[in-house]
Amino acid sequence: MPRKTLDQDTFMEDAKSAQKKKKHMTSSSMRLASDNKTRVAYFHDEGVGNYHFGERHPMKPHRLTLTNHLVLKYGLHQQMEVFQPRKATDTEILDFHAPDYVDFLKRVTPDNVEEFEQVFQRFNVGDDCPIFDGIYDFCQRYAGASIEAARKLIADGADICINWSGGLHHAKKSEASGFCFVNDIVLGILEMLRYFPRVLYVDIDIHHGDGVQEAFYMTDRVMTVSFHKYNGDFFPGTGHLDEIGSSLGKYYSVNVPLRDGIDDEAYVWLFQEVMDGVMATFRPSAVVLQCGADSLGCDRLGVFNLSIEAHGRCVQIMKDYKIPMLVVGGGGYTVRNVARCWTYETSILVDQELSNDLPPNEYRSFFSPDYQLHPHLSGRVENLNDRQYLFRIRERILEQLRYLDGAPSIQMQEIPPDIQGFLDGDEEMQDLLDDSDEGMDTRPLPRKNRLVPETEWYEDDDDNYGEIGAL
């Protein structure tokens, strides 16, 4: 893959980038609607926003109710097929998660926690991942929506499917992590692999998509690309450039570690550069895009300076590749900005322009004092991502992708094998692979407890006002 000569004075997209993007949109790598109008399916469970992690817990499922409310008030539902998804079954959740862990989630309640305290550490349950009323029901709702959305894409019933309740990318096979109990993304990708030869996972949450990367670390059928803050301490502590995959999956994990305070122009430039390279090399059959909104400026757990417009620009870039895509939510802990962001990105996906003045709605007080779709969110954190650092990251990633272009041993399987085979691992096959351990991160595992940055944003003592009661 040839390197592009860039103007050092700007991060703006050049004509060559636009031409390269068009080149990727070949008939073999995309599926267009017959009338050339993007067909969008929207999956929302009306009950998914009614759960409560705890009074002081940053995760507020009520943000999903606010998002859906804005989507309806703007009239975006008229541009989509709207579905009330069914809950995921135990069998579907067990496609990825361990039976003893699923059994624990089904049985534990706030009233019987004493009976299960001996396994809390084993399943990583605690302050970050608390036990609350209806915990398994909540998981079934958001996971079921991602599974149903994946099936809609497989059936060619839509070009893009949206599930803002999904995107819980930290959950592992046998444990909870980072506010996530069931990994709906992994379940959705496993479903997609029954039909699509290659699935690309892209993550723009400020936290590394560690649960998804770990699940597919040893397969060449899924490429994971994560843009996140990384300094070795910031949760979850993974996502270094050197985490590139292992065994058959070597070079298929792409990590873009960023420093505090990255701004719109730099982020969008780097995203376009990396994704152009990924699309040209991996040639995915389908995409899953995780749109964690904690990468926005002013997020309570975030340290970036992104505007809603720049966050949405990444969604537009992925949409423009014209490949079947599942779009899910993720992090985001300043509730009013999460709802604004995902509403705006819904409008991008259905090709509708929105007024910056929010429509009259029941939750208007959440959006004071400006009542705008695009509040000013930038500049509160110093940008530590200098030009040299960003160009170095770009070159390292493009170099990694060149290994895929020139490696004669890489064979992408067109017919999906046993879906679980590469998750469970085949020890005999691993012994035959000379490079099975190369690319695996051998550094000490990070602490599992959430690390709150010093710059965590609480604008005032009443910053949570209205959120608890609304649940």
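**Labels and their cut-offs**

Tutor: Let's start with Asp156, which lies in the loop between α6 and β3 (160-163); helices (H or I, at least four residues) and strands (E, at least two) are DSSP runs, numbered from the N terminus. This is a predicted model, where local features need pLDDT of at least 70, side-chain atom pairs count only at pLDDT 80 or more, and totals for chains, interfaces and linings use all residues. Residues are numbered from 1 along each chain as its sequence is written, and side-chain values use heavy atoms, leaving out hydrogens and water.

Student: What makes Asp156 partly exposed?
Tutor: Its relative accessible area is 34%. Buried is under 20%, exposed is over 50%, and partly exposed is in between (1.4 Å probe, protein chains only).

Student: Which peptide bonds are cis, then?
Tutor: One runs from Phe235 to Pro236, with omega near 0 degrees. Another joins Ser368 to Pro369, with omega near 5 degrees. Pro236 is in the loop between β5 (222-229) and β6 (253-258), while Pro369 is in the loop between α11 (335-349) and α12 (387-406).

Student: Why is α2 said to be largely enclosed?
Tutor: Ten of its twelve residues are buried, so the rest of the structure largely encloses α2. Among them are Leu64, Leu66 and Leu70.

Student: How do you know that α9 is roughly parallel to α10?
Tutor: The axes of α9 (residues 264-282) and α10 (residues 308-320) cross at roughly 15 degrees and come within 10 Å. Angles under 35 degrees count as roughly parallel, over 145 as roughly antiparallel, 65 to 115 as roughly perpendicular and the rest as oblique. So the α9 and α10 pair is roughly parallel.

Student: Which residues make the contact?
Tutor: Contact means heavy atoms within 4.5 Å. Phe271 and Met275 of α9 are included, as are Cys314 and Ile317 of α10.

Conventions. Axes fitted to C-alpha atoms, helices over the stretch in contact; angles between N-to-C directions.
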